[in-house]
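The following paragraphs lead the reader through the structure shown below.

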Amino acid sequence: MVNKAPLKKRFKYNVEQQAKKAGILKAVRSISREKYAERISASLLYGLLSSIAVNFFFQPGHVYSSGATGLAQVLSAVSARFLGVTIPVSVTFYAINIPLIFLAWKQIGHRFTIFTFITVTFSSLFIQVIPVVRLTPDPLINAIFGGLVMGIGIGYALRNNVSSGGTDIVSLTVRKKTGRDVGSISLMVNGFIMIFAGLIFGWRYALYSMVTIFVSSRVTDALYTKQKKLQAMIITTQPKRVVKMLHKKLHHGVTQIDDVSGTYTGEKKTILIAVITRYEYNDFKYYMRKADPNAFISISENVKIIGRFKEDS
C-alpha cells in the first residue's frame, strides 16, 4: 500500500516552490488584510453586477456587451448558429481572460492580477448560476440599463485596483504607456467587436450594442477616479512636514520653491507643487490638516501629465 502522506507533502512543497518562483506568494503576502476585504468585496460586487447585466439585459435583449463579455456573447452565439452546440457565455468569457491574465501579470502588477483572476472567476460563476430573466423586450432599454449596470461594476472594480478582465487589461496596459483614458480606449477596442457582431447578426442590434458600450464607458470614467489627475499648489510655512507627508503617505514627488512671501504679511513661505489623483483627494486633505492646518492650497483639475507619475497597482 502506497503511503499517501509523503506524496501529499511533496505535492504541497512543489506547488509552494512554483508559486514562490512565479512571485505569487510574495504578491499575496504584500497585501494587507484591509485591502483583501476591499478587493474581495469589489470582486464580488462586479461579478454580481456583470451577471445581472448579462442575464437580465444583454442576452434577453440580444444586445452585446463591451469587452470580453461582448466577445464571449458573440462566440457563444456563433457556436449555437454554426456548430449546433451552445457554448455558455461563462465558459467563453473565462477562456478569453486566461491569456489576458498572463499579460496583466507581466505588464500591470502581480497583486492586480491576483484579484483580477478572482474577479473573473466570480463573474463567470455568477453568469452561469444566475438564470436568464427577460425584463423587457425593448432592445434600447436593455442596452441603456445593461450598460449602466455593467459600467458601475467595472468602475467600482477599477477604483479598488481590481480589473474586470478582458479589454480592461488591454486598456490599462496601453494607458500606462500613453496616458489615455480607460473608457476612451475601451470604446475604440469595442468598436471592432461590434462590427464583427453586426456582420454576423445584423446591424440593428450591433447599433444598440454601441449604445451599451457608450453608456458603460462613460459610467466607468465617472467612477474610476484614479485616472483623473489634480495639481495641488501648497503655500506653507511647514514645508518639511508637508513633503514628508506626501512622500510617506501618498508616495508622490514634490517640487519645492523656497523664499516666497505674502504681500500682506511679508512672511517667508514655501510653495510646494504636487500631482495627485482624484481618488487620493480625501486622503490628501486629511493628511494636510495634520501636516499644516494653516496652509493655503490651490487645486487644479484634469491636468495632463508628460513624464513619470507613480500609481499603486
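Helices (H or I, at least four residues) and strands (E, at least two) are DSSP runs, numbered from the N terminus. The model is predicted, so local features need pLDDT of at least 70 and side-chain atom pairs count only at pLDDT 80 or more, while totals for chains, interfaces and linings use all residues. Residues are numbered from 1 along each chain as its sequence is written, and side-chain values use heavy atoms, with hydrogens and water left out.

Although His-62 is not a glycine, it has a positive phi of about 55°.

The sheet comes next. Two strands are said to pair if DSSP finds at least two bridges between them. On that basis there is an open sheet of four strands, with antiparallel pairing and the order E2-E3-E1-E4. Strands E2 and E4 stand at the edges; each has a single partner strand, so one side of each is left without a neighbour in the sheet. From one strand to the next, the twist averages 20°. Here, as for helices, axes are lines fitted to C-alpha atoms (for helices over the stretch in contact), and angles run from 0 to 180 degrees between N-to-C directions.

The pairings can be followed along this order. E2 and E3 are antiparallel and are joined over five bridges; within this pairing, Val-260 has Lys-269 in E3 as its bridge partner. Strand E3 (residues 268-277) is also antiparallel to strand E1 (residues 229-236), to which eight bridges join it. Leu-230 stands opposite Ile-276 in E3. E1 is in turn joined by six bridges to strand E4 (residues 296-301), again in antiparallel fashion, and Gln-231 faces Ser-300 in E4. In a regular strand the side chains alternate between the two faces of the sheet.

Strand E2 (residues 255-261) holds a further residue of interest, Asp-259. Asp-259 has a positive phi of about 55° although it is not a glycine. With a relative accessible area of 66%, Asp-259 is exposed. Buried means under 20% relative accessible area, exposed means over 50%, and partly exposed lies in between (1.4 Å probe, protein chains only).

Two packed helices are described by the angle between their axes and the distance between the axes. The axes of helix H7 (residues 139-159) and H10 come within 7 Å and cross at roughly 30°. H7 is therefore roughly parallel to H10, a label for angles under 35 degrees, whereas over 145 counts as roughly antiparallel, 65 to 115 as roughly perpendicular and the rest as oblique.

The aromatic rings complete the picture. Rings of Phe, Tyr and Trp (its six-membered ring) pair if their centres lie within 6.5 Å; planes under 30 degrees apart count as stacked, over 60 as edge-to-face and the rest as tilted. The count by this rule is four aromatic pairs. One of them is the tilted pair of Tyr-205 and Tyr-208, at 6.4 Å centre to centre and 55° between the planes. Both residues lie in helix H10 (residues 203-223), three residues apart, about one turn of the helix. Tyr-205 is partly exposed, at 26% relative accessible area. Arg-204 lies over the face of Tyr-205, 5.2 Å from the ring centre; such a placement requires NZ of Lys or CZ of Arg within 6 Å of the ring centre and within 35 degrees of the ring normal.
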